[in-house]
Amino acid sequence: MKRVLVILIIGIIAVVGIVTYTYANIYLPNYYSQQSVAYYNGQLSMMGYGPQGSQGMMGGMMGGYRMMGYHEGYAYGYLGSTSIPQAVQAIRSVQPYARVFPQNDTIVFYSTQINLVVLSMGHQRAFNLTNYTAPLSAHAQDNVFVIDGLINPTLIMPGRSVLNIELINLDAGDFHNLAITPVPPPYPYYSMMYIRMNVMGMTPMIPYANYNDGQAYESSFSVSLQPGTYYYVCEYPGHAEMGMYGEIVVT
Ligand SMILES: [Cu+2]
């Protein structure tokens, strides 16, 4: 009788273990992945992007957008392409209305019309292209944004500036995007779900650069920000979690 009881208890523990493991390691990640794809694609269509050939009121606002398809469920696309050497030059061409402070990883803008070229890439490529020794505060441990030669810099700008952001993806093998949100780090793996309805502007996922033909893809958008603190983040799963974000302080 005692033996039957022991076997029964072991059996129950085994079943509970298997069910818990399946739920936590198979069901939940799959569930969050599907939710995350739905949120991201929903955000994109709210901002006027949609798959090429899609019908609807946003159709006329596409303005030459090339939505190429889906990568792991996420809609990706680009506005145009640029040569890689030309994109790299943006690292050295600082705007006349900007002051760069490498020690603090900070850029201060003295204009209400700011044109920002942002490059996305892995941190090793960023170190090579910029020769910049990023401070620890730049959290440059994986994928990063490069702006005016700095890595994941803090951007300080006057209130109600019109900020025009052009994101060029210089990565050789990763998709990236850029979204602006007031939601602060730390970000979870599915950052786009976490910041979901609090996005002021974003690009679609941009395909990685073609280093064989020397072309990189880009996309742009404009926002006007009220005084406050915001963050520019990459919504690709895991990227913001690993440090692909920076701060925007609007004074
Ligand atoms: Cu990314």
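**Exercise 1. Describe the segment that UniProt lists for "domain: Blue (type 1) copper".**

Step 1. The UniProt record, an unreviewed entry, lists residues 212–250 for "domain: Blue (type 1) copper". UniProt positions are given in the numbering used here, with feature names shortened, and annotations may be inferred rather than shown by experiment. Residues are numbered from 1 along each chain as its sequence is written. The model is predicted: local features need pLDDT of at least 70, side-chain atom pairs count only at pLDDT 80 or more, and totals for chains, interfaces and linings use all residues.

Step 2. Over residues 212–250 the chain is 56% strand and 0% helix. Helices (H or I, at least four residues) and strands (E, at least two) are DSSP runs, numbered from the N terminus. The C-alpha atoms at the ends of residues 212–250 lie 40 Å apart.

**Exercise 2. State the strand order of the seven-strand open sheet and find its edges.**

Step 1. The order is β4-β5-β9-β15-β14-β11-β12, and the pairing is mixed. Two strands pair if DSSP finds at least two bridges between them.

Step 2. β4 and β12 (201–202) each have a single partner strand, so one side of each has no neighbour in the sheet.

Step 3. At one end, β4 (residues 98–101) and β5 (residues 106–109) run antiparallel and are joined by four bridges. Phe101 is opposite Thr106 in β5. The two strands form a hairpin with four residues between them, and Asp105 in the turn has a positive phi of about 55 degrees.

Step 4. Further along the sheet, β14 (residues 228–233) and β15 (residues 245–250) are antiparallel, with six bridges. The bridge partner of Val233 in β15 is Tyr245.

**Exercise 3. Which residues touch the most other members of the largest nonpolar core?**

Step 1. A nonpolar core is a set of buried Ala, Val, Leu, Ile, Met, Phe, Trp, Tyr and Cys residues joined through C-beta atoms within 7 Å. The largest one has 61 residues.

Step 2. Val118, Leu119, Val144, Val146, Ile151, Leu178 and Val233 touch the most other members. Strand β6 (residues 113–122) supplies the largest share of this core, six residues.

Step 3. Beyond four places in sequence, Val118 is in contact with Phe145, Ile147, Ile165, Glu166, Leu167 and Leu178.

Step 4. Of the chain's 251 residues, 36% are buried.

**Exercise 4. Sort residues of helix α3 into buried and exposed, and follow the chain past its end.**

Step 1. In α3 (residues 123–130) the buried residues are His123, Ala126 and Thr130. Down the helix axis they fall within an arc of 55 degrees, so they line one face; the arc is that of the directions from the axis to the C-beta atoms.

Step 2. Gln124 and Asn128 are exposed on the other side of α3. The cover over the buried residues includes β6, β7 (143–147) and β8 (150–151).

Step 3. Asn131 follows α3 and is located in the loop between α3 and β7. Its phi is positive, about 55 degrees, although Asn131 is not a glycine. Asn131 is exposed because it has 8 other C-beta atoms within 10 Å.

How values were computed: Buried ≥ 20, exposed ≤ 12 C-beta atoms within 10 Å, placed from the backbone. Contact = placed C-beta atoms within 7 Å.
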